[in-house]
Amino acid sequence: MEPKPRFLTILDSISAVLFVVALGMVFFYAPTERVMGAVQRVFYFHVATAWVGMLGFMAAGVAGVAYLRSSDRKWDTVSLAAVEISLVFFFITIIMGSIWARPAWGTWWTWEPRLTTATIVELVYAAYLMLRQGIEDPDRRARFGAVYTILGFISVPVTFLSIRLYRTIHPTVFGVSSPEAEGEFSMTPSMLQTLIFSVLTFSVIFSSLLWHRIRLGRLAEKVEQLRLKIAH
Amino acid sequence: MSQGMRVVAGETRAAQAGAGSFLRALLAVVWKDLAAELRSRELISAMLVFALLVILIFNFALELDPRTRRTVSSGVLWVTFAFAGTLGLNRSMAIEKDRGCLDGLLLAPVDRSAIYFGKAIGNLVFMLMVEAIVLPVYTVLYSVNLFQPGLILVILLGSIGYTAIGTLLASMAVHTRTRDILLPILLFPVAIPVLIASVKASAGFLEAIPLEEIMPWLNLIIAYDVIFIAVAYMVFDFIVEE
Amino acid sequence: MSEISSQNSHVIDVRKLVKRFGLKTVLRGLDFQVQPGEFVALLGPNGAGKTTFLRILASLSRPSLGEVRIAGYRLPAQAAAVRRRLGVVSHLPLLYGDLTAEENLRFYARMYGVPERTERVAEVLELVGLAYRGRDLVRTYSRGMQQRLAIGRAVLHDPEVVLFDEPHTGLDQDACNMLDGVLREVAARGRTVVMTSHDLARAADLASRFDVLSRGVIAASLPRAEIDTRDLLAFYRQAAEGVMVA
């Protein structure tokens, strides 16, 4: 078994430290928002996980293109790893969005364009995992997976556009022109710093998790190889 | 040496014949699907009966009284088309898979995209045929006039996008263990934009909303059609070539 | 110079072919050459990779490594040129049940760009002995008739090379005999034929050369002249087991 790379151990430690610092900034450095109060603090991690998750889905699509061009199975491992982690990040985003929506818009769930798009994106990539599960031949699984990550990623902006168009033409149930307006606030410099730091933190955490997941994929492959060797 | 020349000559000839053989193969695939379907009528009749059943269920689920009808008709129609559509897409690819015909198509010296476009056009024709029967039936049952040029344009454009992406995903789903269940799961999340846009544009024409308010939706459908036909054209090779 | 001429004399030329499915290696550096007009029976135990190999020759599956040339054209780079010169019969008929035999053949004739379609379709139906049922739906055909029609479909565009993958699967004695007649007819026209089979007796009657595929390579190859039909079974066992011991 290959030893855990040293830099990965360092990255793990950096992620942990950054996370603690980010948490500290969210609770103690950033000021309490005047209208919404303490619950607004959920916003920093909410935006950070959403951003990084979206980049992860994009990375999966790019790795999909790389796989189709090269037929190198390492890109398939990267693609799958990115999708799995981004799915979890997006799930966190949606949960935090709900926590924020409750006091801000008076409801746990609203068909706000970004929230709705996020949910559809989760469904796209859940379908991706189901597709992979249904295919036995590893090469075909990788090819179909790559195609679907590309389709999925292209559909995201179109979906967002269609849902936003849907909302702007129809007045919302909240009696304001845009549901976002209710949750709007102006950011102070310390708020902005906290947000940027959170995005950075989650990017590092994402990279660390991605690396772990790719290593896991490689090890699983090795186990499979050894098993085949024994079978022969 | 002589072999190199032979290869080059072969390629040039192939390039010249390219456009002609592309169209010939595409039309052959469409003709084959239509001829088989006209004989068996399995696909159309299944789609049609299913579509009528969906409308029937909506009738009771939504209490389609005259006032609601105006606002929900386009939604009911598109849900019906989408469900009936997946039925047809699944079946049309299963026919290719069952007797190994997909291999037969792939063995032919034709561009793979000719096979894709042939299948997609065949599927589109089936979907339009079902829609052509559902529309008058719905008109009679609920006395909502659906025969408006605008609405028919929306149905045509929306169906093009839906079958373009649907044919691509059906050709993936057919290779999986869970093929019948998987198609809608793969298709619906990706097809949401074209379905939303089609519902809104259809509703716009039914409620006689000014054209400039419908235009964004029509543009969205056209953009979706163009984007996904182009992507399908680019990736179809990777789905069928092992 | 000698390299080119040796390639030209082989209608099928496979060198160091490797095929992997994920981590599993099915073909391990297989070499295989066929002269024009030969009828090669490809024998081997189940799971030896016969079907995989035939699918690669048929341009349906890509080689992982190695070189595959058919009629001088490389696979997969020049697949279209190869496909034009290749007919394939698999154990599935590759026919549409809801079309008649004639319609099936006419469809494939269009796909291959066959000139004078109507005449050619009639000719092929005659060849496989189905002219009298040409207007019936393929769905109503027996398994043996479907298989004969499948052969007709494969030779419609007059290919140089014909590949048969277990053509006798699922046929009764009579159907097999009729099929053999058609196979001989196809081979007699100077075509090169490669046929996989696990039925030694049938293969012995038809082929001019016997190759044994075992553990991902051609383990043995013998021309018909050097072999007595009665010895074929012994030869086959020896070849298949010889590699397993090694």
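Visitor: Which residue of S2(C) stands opposite Leu17(C)?

Guide: In this predicted model, the residue of S2(C) opposite Leu17(C) is Leu30(C). Arg20(C) likewise has Thr25(C) of S2(C) opposite it.

Visitor: What makes S1(C) and S2(C) a pair of strands?

Guide: The count of bridges. At least two are needed for strands to pair. Strand S1 (residues 12-21) of chain C is joined to S2(C) by eight bridges, so the two strands pair. The strands run antiparallel.

Visitor: Which residue in the hairpin of S1(C) and S2(C) takes a positive phi?

Guide: Gly22(C) does, with a phi near 60 degrees. The hairpin has two residues between its strands.

Visitor: Why are S2(C) and S5(C) called edge strands?

Guide: The sheet is open and has four strands, in the order S2-S1-S4-S5 (chain C), with antiparallel pairing. Strand S2 (24-34) and strand S5 (73-75) of chain C each pair on one side only, which is what makes them edge strands. From one strand to the next the twist averages 30 degrees.

Visitor: What makes the pairing in the six-stranded sheet of chain C "mixed"?

Guide: Pairing between strands can be either parallel or antiparallel. This open sheet has the order S6-S7-S8-S3-S9-S10 (chain C), and its pairing is mixed. A parallel example is strand S7 (residues 161-165) of chain C with strand S8 (residues 192-196) of chain C, joined by five bridges. Phe164(C) has Met195(C) in S8(C) as its bridge partner. The edge strands are S6 and strand S10 (217-223) of chain C, and the twist averages 15 degrees from one strand to the next.

Visitor: Which strands of this sheet does H6(C) touch?

Guide: Helix H6 (residues 143-155) of chain C packs on the sheet and touches S6 and S7 of chain C. The helix direction makes about 165 degrees with that of S6(C).

Visitor: Why does Thr100(C) count as partly exposed?

Guide: A buried residue needs 20 or more other C-beta atoms within 10 Å, and an exposed one has 12 or fewer. Thr100(C) has 19 C-beta neighbours inside 10 Å, so the label is partly exposed. Thr100(C) lies in the loop between strand S6 (86-89) and H4 of chain C.

Visitor: Which residues does Thr100(C) touch, leaving out those up to four places away in sequence?

Guide: Gly134(C), Arg135(C), Asp136(C), Leu137(C) and Val138(C). Thr100(C) and Arg135(C) are 35 residues apart in sequence, with their C-alpha atoms 5.4 Å apart in space.

Visitor: How many residues of chain C are in contact with chain B?

Guide: 29 residues of chain C contact 26 residues of chain B. H4(C) gives the largest share of that side of chain C, five residues. By class the side has 16 nonpolar, seven polar and six charged residues.

Visitor: Which helix gives the largest share of the side of chain B that touches chain A?

Guide: H7(B), with ten residues. This contact takes 24 residues from chain B and 26 residues from chain A. The chain B side has 18 nonpolar, three polar and three charged residues.

Visitor: What makes up the secondary structure of chain B?

Guide: Eight helices and zero strands. Of its 242 residues, 49% count as buried.

Visitor: Where in chain C is the pLDDT below 50?

Guide: Over residues 1-7 of chain C. Helix H1 (residues 2-9) of chain C has the lowest mean among the elements of that chain, 50, whereas helix H4 (residues 101-112) of chain C has the highest, 94. Where pLDDT is low, predicted coordinates should not be read in detail. Chain C as a whole averages 85, and 91% of the residues score at least 70.

Note on methods: Residues numbered from 1 in each chain as written. Chains lettered and ligands numbered in written order. Predicted model: local features only at pLDDT ≥ 70, side-chain atom pairs only at ≥ 80, totals over all residues. pLDDT = per-residue confidence, 0-100. Contact = placed C-beta atoms within 7 Å. Nonpolar A, V, L, I, M, F, W, Y, C, P; charged D, E, K, R; others polar. Axes fitted to C-alpha atoms, helices over the stretch in contact; angles between N-to-C directions.
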